[in-house]
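I wanted to see what holds this fold together and where it leaves open space. Here are my notes, in the order I looked things up.

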Amino acid sequence: MLSVAALSLRLGVSGCQGSKRSIATVISGSKTSKVVRDRLRAEVERMRSQVFGFRPSLVVLQVGDRDDSNLYISTKLKAAAEIGIDAKLTRLPNTATQDEVLQSVMAVNEDPSVHGLIVQLPLDSVNHIVTEQITNAISPEKDVDGLSFINAGKLSRGDLKDCFIPCTPNGCMELIRQTGVTVAGKHAVVIGRSKIVGAPMHDLLLWNHATVTTCHSKTPDLPQQVGRADILVVGAGRAEMVRGEWVKEGAVVIDCGINHVSDETKASGKRVVGDVHYSSANQRAGFITPVPGGVGPMTVAMLMENTVQSAQRFLLKMAAR
């Protein structure tokens with residue numbers, strides 16, 4: 001049975017008069033993320049009451065000054081401030097070398113007052129920097145983005161209680177939970193195999209006992225694979241590529257895509273759409289996330305959750321000494 005909280009997170013559904021079923025229930029990431037943030041705020045207050053003046057601490061490391069990165073960072077810093085996390089931005093110039101970035105990472109690793117470190121991607125430097133060497137240099141205990149090979153390896157082996165789970169897949173799992181649909185025993189299809197979304201999403205679903213199929217650019221029968229999915233998670237990076245007629249009736253559809261398409265009716269001349277053709281998919285799905293307002297807010301909320309979790313682990317270690 002769904003809890004009252006879970007039910008309240010769903011937006012209202014419009015019935016299709018004369019048809020056999022209603023359109024999909026919209027899973028609101030905006031509402032769900034607020035519940036998460038409120039819970040984390042209370043947890044931070046509890047930690048502060050136990051250890052006077054204590055606050056979880058997060059450092060965001062940025063290389064360069066990309067406008068899109070600045071927007072994402074400001075969203076993270078704002079969310080952290082609302083929860084009570086002490087978040088700071090460290091910005092290196094776009095002339096930074098790989099060694100200089102690594103030195104900054106190591107400095108944060110060695111600072112016991114910092115509980116989480118994220119490196120804002122992409123790294124905007126005129127010099128060649130191997131991104132994986134930077135993310136793998138982050139201490140696994142502070143890798144709240146869950147992108148280091150240590151955390152990725154633990155996730156792939158099913159050690160979910162001993163790693164940080166990447167924020168977008170973790171947010172997707174929370175949205176699936178809000179539907180009340182049990183993952184165990186379901187056939188899940190993940191479109192995309194990126195290290196940030198697709199691959200960890202596969203692992204999360206697998207270790208939650210779904211039968212998982214991963215599709216990608218070389219999958220020859222994509223519509224047929226989608227049609228088998230009780231749970232469909234799409235992170236392909238192609239605007240509206242998944243058509244509604246592909247979707248299994250009653251499926252849970254989680255759309256991780258963020259794409260801009262031309263729209264002359266908008267002042268900006270464009271609008272944001274996902275990887276799923278929403279207006280047709282919501283005629284067949286049982287549950288669906290909107291874009292925007294779906295997965296996006298959950299990604300930030302899960303970053304905050306990982307940071308609070310890291311601070312909790314730190315306090316436990318201190319108490320055990």
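This is a predicted model: local features need pLDDT of at least 70, side-chain atom pairs count only at pLDDT 80 or more; totals for chains, interfaces and linings use all residues.

**Salt bridges**

I began with aspartate 68, which is partly exposed because its relative accessibility is 31%. For the cut-offs, buried means under 20% relative accessible area, exposed over 50%, and partly exposed in between, with a 1.4 Å probe and protein chains only. Residues are numbered from 1 along each chain as its sequence is written, and side-chain values use heavy atoms, with hydrogens and water left out.

Which residue does aspartate 68 form a salt bridge with? I found arginine 66, with the closest N and O atoms 2.7 Å apart. A salt bridge here is a side-chain nitrogen of Lys or Arg within 4 Å of a carboxyl oxygen of Asp or Glu. Arginine 66 is partly exposed too, at 33% relative accessible area.

Next I looked at arginine 91, whose side chain meets that of aspartate 65 in a salt bridge at 3.8 Å, N to O. Arginine 91 is in strand S3 (residues 86–92) and aspartate 65 is in the loop between strand S2 (57–63) and H3, so this pair ties together parts that are 26 residues apart in sequence. Helices (H or I, at least four residues) and strands (E, at least two) are DSSP runs, numbered from the N terminus. Arginine 91 has 44% relative accessibility and counts as partly exposed; aspartate 65, at 48%, does as well.

Then I checked arginine 177, which pairs with glutamate 174, the closest N and O atoms being 3.0 Å apart. Both residues lie in helix H7, three residues apart, or about one turn of the helix. Arginine 177 is partly exposed at 44%, whereas glutamate 174 is buried at 18%. I also noted a network: salt bridges with shared partners join Lys34, Asp38 and Arg41. Searching the whole structure gave me 13 salt bridges.

**Pockets**

What volume does the largest pocket have? I got about 1400 Å³. Grid points are joined across faces, edges and corners, and a volume is the space filled by probe spheres set on the points.

I counted 43 lining residues for the largest pocket, with Tyr72, Lys76, Thr168, Ile258 and Thr299 nearest its centre. Helices H2 (29–50), H3 (67–83), H7 (167–178) and H11 (295–320) are the elements that give two or more residues to this lining. The largest share, nine residues, comes from H3.

The second largest pocket has a volume of about 350 Å³. Its lining has 21 residues, of which Glu141, Lys142, Ser310, Arg313 and Lys317 lie nearest the centre. Helix H6 (149–156) and H11 each give two or more residues to that lining, and H11 gives the most, with five.

Where did I find cis peptide bonds? One joins leucine 121 and proline 122, with omega about 0°. Proline 122 is in the loop between strand S4 (116–119) and helix H5 (131–137). Another cis bond joins valine 291 and proline 292, again with omega about 0°. Proline 292 sits in the loop between strand S11 (287–288) and H11.

I also looked up phi angles. Histidine 209 has a positive phi of about 75° although it is not a glycine. Histidine 209 lies in the loop between helix H8 (198–207) and strand S6 (211–215), and at 57% relative accessibility it counts as exposed. Glutamate 240, also not a glycine, has a positive phi near 55°. Glutamate 240 is in the loop between strand S7 (231–234) and strand S8 (252–255) and is partly exposed at 21%.

**One more histidine**

Is histidine 187 buried or exposed? At 13% relative accessibility, histidine 187 counts as buried. This residue lies in strand S5 (residues 187–191).

Conventions:
On a 1 Å grid over the protein atoms alone, a cavity is a set of points where a 1.4 Å probe fits but cannot get out, and a pocket is an open set with protein on both sides within 12 Å along at least five of seven lines; lining residues have an atom within 4 Å of a point.
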